[in-house]
Amino acid sequence: MKNKMRREISTFALTMTGLGSIIGSGWLFGSWKAASVAGPAAVYSWIIGMVLILFIGLTFAELGSLFPTAGGMVRYGQFSHGSLVGFISGWANWIAIVSVIPVEAVASAQYLSSWNFAWAHRLYNGSELTLPGLCIAAALVFVYFLLNYFTVRLFARVNAAITVFKFIIPSATIIGILFAGFHAHNFVAPAQGGFMPNGWSGVLTAVATSGIVFAFNGFQSPINLAGEAKNPGRSIPIAVISSILMAGVIYILLQVTFIGGVAPGMLQSGWSHLNLSSPFADLAMALGLNWLVLLLFADAFVSPSGTGITYTATTARMIYGMERNGFFPRVFGRVNGTVGVPRAAMWLNLAVSYFFLFMFRGWGTLAGVISVATLISYVTGPICVMVFRHLDEDSNHSFHIKGMPIIAPIAFISASMIYYWATWPLTGKVTLIILIGLPVYFYYQAKAHFEGFKRDLKAGTWLIVYLAFMLIMSWIGSSKFGGLNIIPFGYDFLVIAAFSIGFYIWGIKSGWLTEQLKKQENMIQEKQAL
């Protein structure tokens, strides 16, 4: 019983987990960042981001229902293609998600810097947190840790309560600013470049780099907690789809509110030069909404903290999953028998969180990096789900989402497009960060005397070539996305879509019935027999 996860999380709690992860610091800063990149057309960015992430999320919803295992997001590639794909996708996903924990704490401390107190102004210097600000953020990270350390039930109850609060504050912000001072002219003002000052390239770049993908990453949380869901086959799809759609509506309304709430005098230098340390609180102050300012400062703790608490839980399950894949010491796969929590994994994530906290001290610094790193793991989902379907064609018990043969290729193309929109050289930098983890992979392969490595390498070649292709496309693609413009805007999309279909087919054909998949299926069958 020592390594057994407890199935105690309900459908509602899982949905609140997903929604709580999505509505974190992203709502406090995302609208401002998106508007600075795309202007009023940032509304389109949120709609596009929501739709594309929904396609991706649907593939993982089926995977989570099919394999209700803790840390699922880092395990599906291992099940379908072996160790190389499993490690690259798992490592990319863990790096991206564990980085969110300190980012949420940084967001709270940064928002506090707008308080009308001398000590608060010393927390943030305009680009990063100062030492006092770092101390506050570090304390918050430790609180997230403690709320997850003792029991799964405590985490679920605290998160559900915080998520309900997250609904109230954004709603109050939307209503308050809309009625107090909404400037509809901001959407079309010629002096600021009209509705779409940076064209469609600005709209698409905002999807990848301004916190939109970063915000929607939270749909992973219910999937990573699938091993502790009471009824995963029913709960996971409901939690993933509901959290994406509900959060999407809130974010779109917030973006409209932000664009209309900015005083015209603040836009004299254009949207790209609009610099706000506490965006919605600054707008509320300018409108004299003191009650809303107080609520926003309170929520600067609550919303990011709710997400930080959730990600502290899910990243521990990721480490647990990677240990099950064979890429971490066994101690990280141990679950405390009394409370059902992988405590060693939590201690590791706490240490890594503090490393990121002191290395990257501003909210915007890591948002783009986190988003692009996650996309590398996203591309495996659509392929994994179709591999499992082909390997399990005769099964009647597997959960299937209707239309998946159409949804999966669209999801793969969507992930590829967002990856490209992130602009060069960010795409190159993020891929380099992922490659830094390969020595860990080869270390564990060497310990196993490279048993099965040839088969795993063959099954993972498509992913290596795909990453190389995306790097080259980002480098030689449209100048609108930082490239050399050898392949101009418009044609670059056609090239990526065409090659993505090729990689999608190659990836599916590379899948095979791995030993880990056989073990997982045997475990599922044993549970169903009980």
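Modeller: Helices here are DSSP runs of H or I with at least four residues, and they are numbered from the N terminus. The model is a predicted one.

The loop to look at is the one between α18 and α19, where Thr423 lies. Helix α18 covers 404-421 and α19 covers 426-435, and Pro425 also has its place in the loop between them. Thr423 is not a glycine, yet its phi is positive, at about 75 degrees. The peptide bond that joins Trp424 and Pro425 is cis, with omega about 10 degrees.

Two or more lining residues come from each of α5, α15 (343-359) and α16 (363-378). Helix α15 contributes the most, with 4 residues. By class the lining is 9 nonpolar and 1 polar, with no charged residues.

Helix α5, one of those lining elements, also packs against another helix. The axes of α5 (residues 83-112) and α21 (residues 453-476) come within 7 Å, crossing at roughly 40 degrees. The two helices are therefore oblique to each other. On the α5 side the contact uses Ser83, Leu84, Val85 and Ile88, while the α21 side includes Asp456, Trp462 and Leu467. The contact residues of α5 and α21 comprise 9 nonpolar, 2 polar and 1 charged.

Last, the aromatic rings. A pair of them is described by the distance of the centres and the angle of the planes. There are 35 aromatic pairs in the structure. One of them, Phe258 with Phe280, is edge-to-face, with 5.6 Å centre to centre and 75 degrees between the planes. Phe258 belongs to α12 (residues 232-261) and Phe280 to α13 (residues 279-286), so this pair ties together parts 22 residues apart in sequence.

Technical notes. Residues numbered from 1 in each chain as written. Predicted model: local features only at pLDDT ≥ 70, side-chain atom pairs only at ≥ 80, totals over all residues. Heavy atoms only, no water. Axes fitted to C-alpha atoms, helices over the stretch in contact; angles between N-to-C directions. Parallel < 35°, antiparallel > 145°, perpendicular 65-115°, else oblique. Contact = heavy atoms within 4.5 Å. Nonpolar A, V, L, I, M, F, W, Y, C, P; charged D, E, K, R; others polar. Phe/Tyr/Trp six-rings, centres within 6.5 Å; stacked < 30°, edge-to-face > 60°.
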